[in-house]
Amino acid sequence: MVRNVLFLFFVLPVILFSKNIHLEKGIEFCKKGNVDSALYHLNIIGDEVTIETSLEDIFNKNYYTAKCYDHIEANKSAEYYYLKAISIMDSAEFDNVNIYLDLSNFYQRIHNYVGSNKYLKRYYEIELGRLGQEAMTASENEALIDSLETKVSNLVDNEKKLESDIRLLIVLISVFGVGFLVSLFINFRSRNKK
């Protein structure tokens, strides 16, 4: 019993953590062009969602496996893994539009122009949609900034008007105060003369 508990606390985390290490190493080796090492590490990772692997991990495994096979021009395997990664991505909530561009370039290289155009079109639809959304957000932000600038300008104008009104009020109070003092002085003097 104690041995089983020790196994769970010490060995299981190493096994669980090693899945991520293999994925990271596989991606790193693939990016460097070291295909054999990349495929070794990527093939250790399973194809099912478990405690150790998420759906995104499986997508990345297939995507980078496809990129490795594409790098060594193993066309059937590359196409298989690209399409498998795309089907995983399309069924999940994450998005990596670069796979469409990579698959389009792959199809163009093997002279499948219909497939190349299909995935290039998907790539640009998503990118243009994203850019359109960013443009709308930028326009909304610009309108908001313009509105805020107008409000600030109005506040500055109102502040200047308020300062002007306060100065006028001070002058009027001063004039009335002086007039009141003069009238008191005149009234006091006329009483003293009587």
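**Exercise 1. A residue and its surroundings**

Leaving aside its neighbours within four places in sequence, which residues is Leu-42 in contact with?

*Solution.* Keep in mind as you work that this is a predicted model.

Step 1: Find the residue. Leu-42 sits in helix α2, which covers residues 35-44.

Step 2: Set aside the neighbours up to four places away, and list what remains. Leu-42 is in contact with Leu-23, Gly-26, Ile-27, Lys-61, Tyr-64 and Thr-65.

Step 3: Leu-42 has a relative accessible area of 0%, so it counts as buried.

Step 4: From C-alpha to C-alpha, Leu-42 and Glu-24 are 8.8 Å apart, while 18 residues separate them in sequence.

**Exercise 2. Buried or exposed?**

Decide whether Asp-57 is buried or exposed, and list the residues it touches beyond four places in sequence.

*Solution.* 

Step 1: Locate Asp-57 in helix α3, residues 55-71.

Step 2: Recall the cut-off, which is under 20% relative accessible area for a buried residue. Asp-57 has 15%, and therefore it is buried.

Step 3: Collect the partners. Not counting residues up to four places away, Asp-57 touches Asn-20, Leu-23 and Glu-52.

**Exercise 3. How do α2 and α3 pack?**

Describe how the axes of α2 and α3 cross, and say which residues make the contact.

*Solution.* 

Step 1: Read the geometry. The two axes come within 10 Å and cross at roughly 155°.

Step 2: Compare with the cut-off: angles over 145 degrees count as roughly antiparallel. So α2 is roughly antiparallel to α3.

Step 3: Name the residues. From α2 come Val-35, Ala-38, Leu-39, Leu-42 and Asn-43, and from α3 come Lys-61, Tyr-64, Thr-65, Cys-68, Tyr-69 and His-71.

Step 4: Sort them by class. The contact of α2 with α3 holds 7 nonpolar, 3 polar and 1 charged residues.

**Exercise 4. Two pairings of α5**

Work out how α5 is placed against α4 and against α6.

*Solution.* 

Step 1: Begin with α4 (residues 75-91) and α5 (residues 98-109), whose axes come within 11 Å and cross at roughly 155°. This angle makes α4 roughly antiparallel to α5.

Step 2: Note that α4 passes α5 in a left-handed crossing. Residues of α4 in this contact include Tyr-82, Leu-83 and Ile-86, and those of α5 include Leu-103, Phe-106 and Tyr-107. By class there are 11 nonpolar, 1 polar and 4 charged residues in the contact of α4 with α5.

Step 3: Now turn to α6 (residues 113-193). The axes of α5 and α6 come within 8 Å, crossing at roughly 160°, so α5 is roughly antiparallel to α6.

Step 4: This crossing of α5 and α6 is left-handed. Among the residues in contact are Leu-101 and Ser-104 of α5, with Tyr-119 and Leu-120 of α6. The contact of α5 with α6 divides into 9 nonpolar, 5 polar and 1 charged.

**Exercise 5. The whole protein**

How many helices and strands are there, and what share of the residues is buried?

*Solution.* 

Step 1: Count the elements: 6 helices and 0 strands. Their order from the N terminus is α-α-α-α-α-α.

Step 2: Take the buried share, which is 24% of the 194 residues.

Step 3: Finish with the surface. The accessible surface is about 13900 Å², and 61% of it belongs to carbon and sulfur atoms.

Methods
Residues numbered from 1 in each chain as written. Predicted model: local features only at pLDDT ≥ 70, side-chain atom pairs only at ≥ 80, totals over all residues. Heavy atoms only, no water. Axes fitted to C-alpha atoms, helices over the stretch in contact; angles between N-to-C directions. Helix = DSSP H or I, 4+ residues; strand = E, 2+ residues; numbered from the N terminus. Parallel < 35°, antiparallel > 145°, perpendicular 65-115°, else oblique. Left-handed = near helix turned anticlockwise from the far one by under 90°. Contact = heavy atoms within 4.5 Å. Nonpolar A, V, L, I, M, F, W, Y, C, P; charged D, E, K, R; others polar. Buried < 20%, exposed > 50% of the residue type's maximum accessible area, 1.4 Å probe, protein only. Areas by Shrake-Rupley, 256 points an atom, 1.4 Å probe, with all protein chains shown as cover.
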